Amino acid sequence: MTRMNRQWRLARRPMGEIQDGDLELATVPVPALEEGQVLVRNVYLSLDPTNRIWMSDMDQYMPPVQIGEVMRGGTVGVVEESRDPNVPVGARVVPWLGGWQDYAIVPGSVCNQIPPGFPMSAILSSMGLTGVTGYFGLLDIGQPKAGETLVVSAAAGAVGSIVGQIGKIKGCRVVGIAGSDEKCRWIVNDLGFDAAINYRTEDVGAALDRLCPHGIDINFENVGGEIMDAVMARMSNFGRMALCGMISQYNASGPVSGPKNFTAILMRRLTVRGFIVSDYMDRWGEAVAQIGLWVSEGKIKYKVHIEQGLEHAPQTVKRLFTGDHDGKLLVEVSPPPPGG
Ligand SMILES: NC(=O)c1ccc[n+]([C@@H]2O[C@H](COP(=O)([O-])OP(=O)(O)OC[C@H]3O[C@@H](n4cnc5c(N)ncnc54)[C@H](OP(=O)(O)O)[C@@H]3O)[C@@H](O)[C@H]2O)c1
């Protein structure tokens, strides 16, 4: 019987927030494999703020997804057919960008096999892209030292929650900014942040003045816009800003204004550096090994929020922009194998 593949394809570029009809669901037969290829049944699809960037025809770090193309997305899955002798049927693999679809056909040579004992969901969260992002963004760019003050935005999110915990391991005073009292309680009570600010109910600038009376040495920035403005105005001399993301601006349909306090970079001699996690591809294993150790020692905790059904992916991705998710956001495309 012919195997069928459901694929979400980009039908038009969203204007502002993602709308019904921006993506369309196609169902196509799975073609026969060529020599060296493997067929991966996607188990989990990672939903990431950058999905919205990839949908836009804007200056970005990868080519935008083209109209009619399968939506790009990180996945983990199980090999169902193989024409690569190094990748057996049944192997749990990371085909890297397996896309918003049931099945991905990829060269076996790009498939990393997941070692036994690692839950597949962890490979897309703490021990995958989000954990590695937090690890290098903070340690390489933030250069934290014991006793310094670190402020993290989107602090209860997948990346931010890891960053704050690494900051604590390194001896920093860590203040997180998040969008609900429940998230603020989680990062302080369960993750060990020193303090949290609910940006929806508090004046962020006033709260930072109160919580960071000696200024901010390191900013791990996930949000941009007004939150970043408030932080930037309070940076200490020779402070470091690791620009990881600017999610408050990804749905903008026109030009966005720059930071209000740009002169602070000069006056306070700040280092402001953007980065993309793929810049650290050659050191990926170092981060995964260290984070894995911290997780096993109970020094790093993380949450994964799994929604069921590829068919709901376009609705589910919007949760990243409303904050309506509890941890790293994944879609379960098909059932995981026994043991996860
Ligand atoms: N540079 C890289 O290589 C790299 C890699 C991965 C991720 N990132 C970036 O890291 C950031 C976090 O990504 P993630 O995957 O960890 O997602 P996440 O933090 O788990 O989810 C996004 C969170 O952003 C917050 N948010 C959304 N819109 C906001 C707004 N207008 N103002 C303030 N907060 C807003 C929401 O939390 P609240 O409920 O707290 O509002 C939401 O839960 C994103 O900017 C992403 O683009 C960068």
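A polar contact is taken here as a pair of N or O atoms within 3.5 Å; within protein, one atom must be able to donate a hydrogen and the other to accept it, and residues adjacent in sequence count only if both atoms are side-chain atoms. The side chain of glutamate 35 makes such a contact with the side chain of arginine 83, at 2.7 Å. The structure is a predicted model, in which local features need pLDDT of at least 70 and side-chain atom pairs count only at pLDDT 80 or more, while totals for chains, interfaces and linings use all residues. Residues are numbered from 1 along each chain as its sequence is written, and side-chain values use heavy atoms, with hydrogens and water left out.

**Ligand surroundings**

- Oxygen atoms of the ligand lie 2.6 Å from a polar side-chain atom of lysine 183, 2.9 Å from a backbone N or O atom of alanine 158, and 2.8 Å from a polar side-chain atom of tyrosine 250.
- The protein covers 90% of the 900 Å² of accessible area that the ligand has on its own, with areas taken from the Shrake-Rupley method with a 1.4 Å probe.

**Helix H5**

- In helix H5 (residues 181–190), the buried residues are Cys184, Trp186 and Ile187; buried means under 20% relative accessible area, exposed over 50%, and partly exposed in between (1.4 Å probe, protein chains only).
- Because these residues cover an arc of only 160 degrees around the axis, they sit on the same side of H5, the arc being that of the directions from the helix axis to the C-beta atoms.
- Glu182 and Asn189, on the other side of H5, are exposed.
- The cover over the buried residues of H5 includes helix H4 (158–169), strand S9 (173–178) and strand S10 (195–198).
- After H5 comes glycine 192, whose phi is positive, near 90 degrees.

**Individual positions**

- Threonine 316 belongs to helix H10 (residues 313–316) and counts as buried because its relative accessibility is 3%.
- Leaving aside neighbours within four places in sequence, threonine 316 is in contact (heavy atoms within 4.5 Å) with Leu47, Glu307, Leu329 and Val331.
- Glutamate 35 lies in the loop between strand S2 (23–29) and strand S3 (37–46), and at 62% relative accessibility it counts as exposed.
- The C-alpha atoms of glutamate 35 and aspartate 229 are separated by 53 Å, the two residues being 194 residues apart along the chain.

- Most residues other than glycine have a negative phi.
- Glutamine 143, which is not a glycine, has a positive phi of about 50 degrees; glutamine 143 is found in the loop between H3 and strand S8 (149–153) and is partly exposed, with a relative accessible area of 41%.
- Arginine 269 also has a positive phi, near 50 degrees, and is found in the loop between helix H8 (263–267) and strand S13 (271–274), where it is partly exposed with a relative accessible area of 42%.

Methods: Helix = DSSP H or I, 4+ residues; strand = E, 2+ residues; numbered from the N terminus.
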